[in-house]
Structure formats: structure tokens, C-alpha cells
Amino acid sequence: MTALIFLVFAAIAVICGINLVVQTHPIASALSLIGVMGSLAILYLQLGGEFIAMAQIIVYAGAVMVLFIFVIMLLNAGAETPTFQASSFVKYFGIILLFGFLVLMSFIIQATLPKTEGVTFGAFQGTAADIGRKLFTSYLLPFEVTSILILIALVGAIVLARKEV
Amino acid sequence: MTLSEILSNFYVVSLIKVALVAFVLLTTLAYLQWIERKVIAHVQLRVGPYRVGPHGLLQPLADVVKLITKEGLIPSHVNKLFYLMAPFVAVALALTSIAVIPFGPEITIGPVKTWMQLTDLRIGILFVLAVSSIGVYGVALGGWASNNKYSLLGGLRSSAQMISYELPLALAVVAPLLLANTLSFREMVNYQGGYWLGFIPKWNLFPEIVGFIVFMIASFAETNRVPFDLPEAENELVAGFHTEYSSMNFAAFFMAEYANMVTVTCVATLLFLGGWTPPFPAPYSDAVPILVFAISGLIALYHGLNPARRMDRFTLPATAVVFLGIAAIFGLSLFVPMLNTILMALFWFCGKVLVLLFIFIWVRATLPRFRYDQLMRFAWIFLFPLGMINLLATGLIVALTTK
């Protein structure tokens, strides 16, 4: 049952990812990206990382992508016209080569993976309290550095967007 | 498989609970609109819906029938996929967040032992915040897909307002979480269960009054209610982001707004007002619903004897009979412990939610609207620092008083 849910949402993530690149209209691409993030959140849930799943939805799908969509709507970006002109030989041969590449990559990856058990569903047993504790004790320095990084981004945005007095 | 074995199965119990909650929620949404129209009308010294059914009680039914049978226009210039997707997303997400709201404690009906809640997540509050974050897309896409400047402006303003006020909302939510040291709704209510000095309830309202006020103001803005309803103001933006929607799509946006209101008041009740725990200890508080309904029934009966309007010769005694019947059911439940638990929990929870909804409607009838820049300034310059100060003060006190 969990394997079925994993397959369904992994397939949705891959299809949305491909859709993101294939679509010509930017809003459709942005919505496909939201689909990818939502599917990833479900996969995190299956691994047992419920806090990360909710944080993914709140921060990524709910705030970052909303700002992306704002910008696309305000700039009135329309559908792009695809300007790629190639002969049909190139297109068909390209698809075959792409498929061969994917097969080769998956073979190499599964040959170099360690032979022990991979990730199991529900492997991560920590609660939000554990994450909080780790964040403020073992990982305090990366936490503070990340917050300064975000502060730099904020200050940069305000400086760039201010009115010239 | 005997009946009790079937009923003890988790999936069957969950299905029954889902059907019950969905039915009650959808009926509540329809009648919430009736309550709103009546309350606003009486505040404005008029009567409100009066003709459709006694005192307009069938008005929601008439509205639903009208909206279903109306012509569903899809204008030719809209982006069809997003135009049809937006109300669907709005309604689906608004109805989903009721899934983690507990209505009462654990109950045992015959062979079935279950909580009065659809599902309890360890991170229940984060789920509600996540769903309301994605609910912004329904409005933004609806405004953009209508291919209309007014709708686009209304949709963008509404989304900017919703994401700006999510910050003070989250900060106001975190402060009671610090006190209770948990993220799940059930344990939150259990934390607020006792009484100080024997009669003052340990609700989070009393230490966190600032947090409660910040939460209420932020939730007005999150649900696009007055005084923050510029995005759908009729005299500003020609009905804003739902200008181009008709019949069931329009009804979907309205249902989403009311469902958001219900969710946000349920969360406020659970976090700040103690959920289903009564304000004073158990043996005395059992008398309250009986007294409330009995006195209302008697008042209705008294006024029914010399009514002001001809219709009230019939409706007021009918109301009196209904209320006295409910009082009798509450009185009867004093002798059946499991029924008592269910009914008391439901009474106190729904009572608190209805009081908060009445405050929402009251504010709508009273206050004028914010201008858009005043609204954004209020969020970022006043409410967000206030929420932050509240959180820091709570954190300081918790850090100093725990070992």
C-alpha cells in the first residue's frame, strides 16, 4: 500500500517536472512546479518526516511559489512561441539517445549503490521537538548563517527596489 | 463478521465520521449565510430574509437552487483550465482543513471507541497553516484567469494580503504552542483542561490575550472579511476576483470563504479558548445548556402568546417547542454518561465557535473597510512586531519558569 502511494506520487512528481519544462506558458510551468513540491511533501511524509513535509508546503509551495506567480502575473508574461526548428531525424534520434542515456545512468547508479538496504518507509523517527532541539544545539552555526543569508537577500531586495530620493 | 466487528474496523468508523462531518459542515455553511444575513439586517434595523420559509429559514435552499439552475457562463476570453480550476482548489482546500479539528474527547458508542475527530496528526496546527497557505492560489488564479484588469488587481491584492497576514497568524499561533509544548490539537485541549483556584479555566486566553487579539485580527484578513475585504469590495473593484464567475463557480468561492471562517474560528477555539472544556467545573456546567435552552424556549413561548406579527402566532410556539425539546435532551443526557460526554463537548465547542462567528458577523456589520495601503502597513508595521513581541515575551517566561 505504501509502495503504491510512493509510486503514484513519484510518478506525479516526474510528470510535473517534465511538464514544467515542456509547457510554454509560465503560469502552467509554475503550477507544475507546485505539483512537484506537493508530491515531494507526500514522499517526505512517507519517510516519516512530517515536519519537513509541512514546512515544504508552507514555505515552498505556499510562499515562494506564490511570489513566483505574482511576478509572472504582474509582468503579464504570455505563452512563449517555441523557436526550436529541427529536422524530424534529429527529433527521433534525440529521443532514442535520451532514452539510452537514461538507461545507462540508472544502470550506473544502481551498480554503485551500497548493497545494504536502502531507505525504508517511516525510517525517520524524529518529531518536530527533536528537529528543534538538534537545530539549536548541534546545527546552531548553519542555522545562524542561513538566517544571515536570508537577511542579506532581504536587504539587497530593499536596496534595489527603493525610490531614488 | 458480526456488526460490532464491522463497526470496530478503523476504515468503517472513519468513513462514518467523514460522512457525518461533511454533512454537518455543508449544512452549517449554508445556514451560516442565513445567520449572517439576519444578524447584519437586525444590526441595520431591518428584518433580513423573511419570506422564503418562516423567517427566511429556507432562504439558503432557495439560493442553492438558484445558483445550480443558473446559466454557467464561461466567457470566451478566459484561460479555461485555470478559470475552472481556481474555485475547485479554493473549495477543496477550505473543506480539507476541517479534518484535523477535534470536536470532543474520546467516546465509546457500543463496540466502537473513537475520538470525535477525523484524524489526529502530531503536527495538526502545521497542517492547518499549510492548507491555508495553499488556499491563496485559488484566489490568485481566479483573479488572473478571468483576463480582466479588475479581477487581476483584486486577485493580486487578495493574495498579497493573505500572505502578509499569514505571518502574524503564525506568530500568534506559536505562543500557545510554547505554553503547551505540543503541536497536536488534542494535547493542546488536554493542556487547557484544569482550573485555577477551582473555578477559573486554564484556557490559553488568559496568559495569551495579546496573542488572541493578534490571531483574531490576522484571521479576519486571512479570510478576506471586513474590515479587510477590499479584494472583493463591490464598490471598489466591481466584485474583485470573482467578477467573471457565475452560478456554481461563484457559489464555490463563497463556500470557500465561509469554510475558511469556520476553520479559523475552530482553530481559535482550540488554541485559545480551551476547545470543548467548559468555563467552570463539570457538575455545575452541565446545567448551563439546559438552562440556556429552557429559558430561550420559555421566552419564545411567552412572546408567542401575544405576537407582533401574524406569522409569529405559529413560528414562536414552534421555536419554543424545539428549544424545550433540546433542553429535555440535555437533561436526559445527565443520566446517560456517554451521551452526556458527547453532548456537552459538542455544546461547549459549538457554542464557542458560534460566539466567535457572531463576532465576525458583528464586525462586518459595524466597521468600514481598510484602504489597501493602510491594510498592508497595518500588517507589517503594527501586527507583525506585536506578534513577535508576544512570542518573545512568552518564550522568555517559559524559559525562565521551566527547569
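Predicted model: local features only at pLDDT ≥ 70, side-chain atom pairs only at ≥ 80, totals over all residues.
1. On the H9(B) side the contact uses Phe212(B), Phe215(B), Met216(B), Ser219(B) and Glu222(B), and on the H11(B) side Val264(B), Ala268(B) and Phe272(B). Sorted by class, that contact of H9(B) with H11(B) has six nonpolar, one polar and one charged residues.

2. Helix H2 (residues 26-47) of chain A and helix H3 (residues 50-75) of chain A pack at an angle of about 175 degrees, and their axes are 8 Å apart. H2(A) and H3(A) are therefore roughly antiparallel to each other. Residues of H2(A) in this contact include Pro26(A), Ile27(A), Ala30(A), Leu33(A), Ile34(A), Met37(A) and Tyr44(A). They meet a set in H3(A) that includes Glu50(A), Ile52(A), Gln56(A), Tyr60(A), Met65(A), Phe68(A) and Ile72(A).

3. On the domain layout of chain A: the assignment divides chain A into domain 1 (1-78) and domain 2 (125-165). The C-alpha centres of domain 1 of chain A and domain 2 of chain A are 23 Å from each other.

4. Now the contact between the chains. Chain B puts in 17 residues and chain A puts in 16 residues. On the chain B side, helix H5 (124-134), helix H6 (136-145) and helix H7 (149-180) each supply at least two of the residues that touch chain A. Which of these helices gives the most to that side? H5(B) does, with six residues. By class, the side of chain B that touches chain A has 14 nonpolar residues, two polar and one charged.

5. Among the buried residues of H5(B) are Gly124(B), Ile125(B), Leu126(B), Phe127(B), Ala130(B), Ser132(B), Ser133(B) and Ile134(B).

6. As for Ala140(B), leaving out residues up to four places away in sequence, its contacts are Val66(A) and Ile69(A) in chain A, plus Gly155(B), Leu156(B) and Ser159(B) in chain B.

7. Finally, two backbone spots to check in chain B. His55(B) is not a glycine, yet has a positive phi of about 55 degrees. His55(B) is found in the loop between helix H2 (10-43) and helix H3 (59-69) of chain B. Is His55(B) buried or exposed? His55(B) counts as buried, because it has 20 C-beta neighbours inside 10 Å and the cut-off for buried is 20 or more. Asn224(B), also not a glycine, has a positive phi of about 55 degrees. Asn224(B) sits in the loop between H9 and helix H10 (234-237) of chain B. With 25 other C-beta atoms within 10 Å, Asn224(B) is buried.

How values were computed. Residues numbered from 1 in each chain as written. Chains lettered and ligands numbered in written order. Contact = placed C-beta atoms within 7 Å. Helix = DSSP H or I, 4+ residues; strand = E, 2+ residues; numbered from the N terminus. Nonpolar A, V, L, I, M, F, W, Y, C, P; charged D, E, K, R; others polar. Domains from an automatic or database assignment. Buried ≥ 20, exposed ≤ 12 C-beta atoms within 10 Å, placed from the backbone. Axes fitted to C-alpha atoms, helices over the stretch in contact; angles between N-to-C directions. Parallel < 35°, antiparallel > 145°, perpendicular 65-115°, else oblique.
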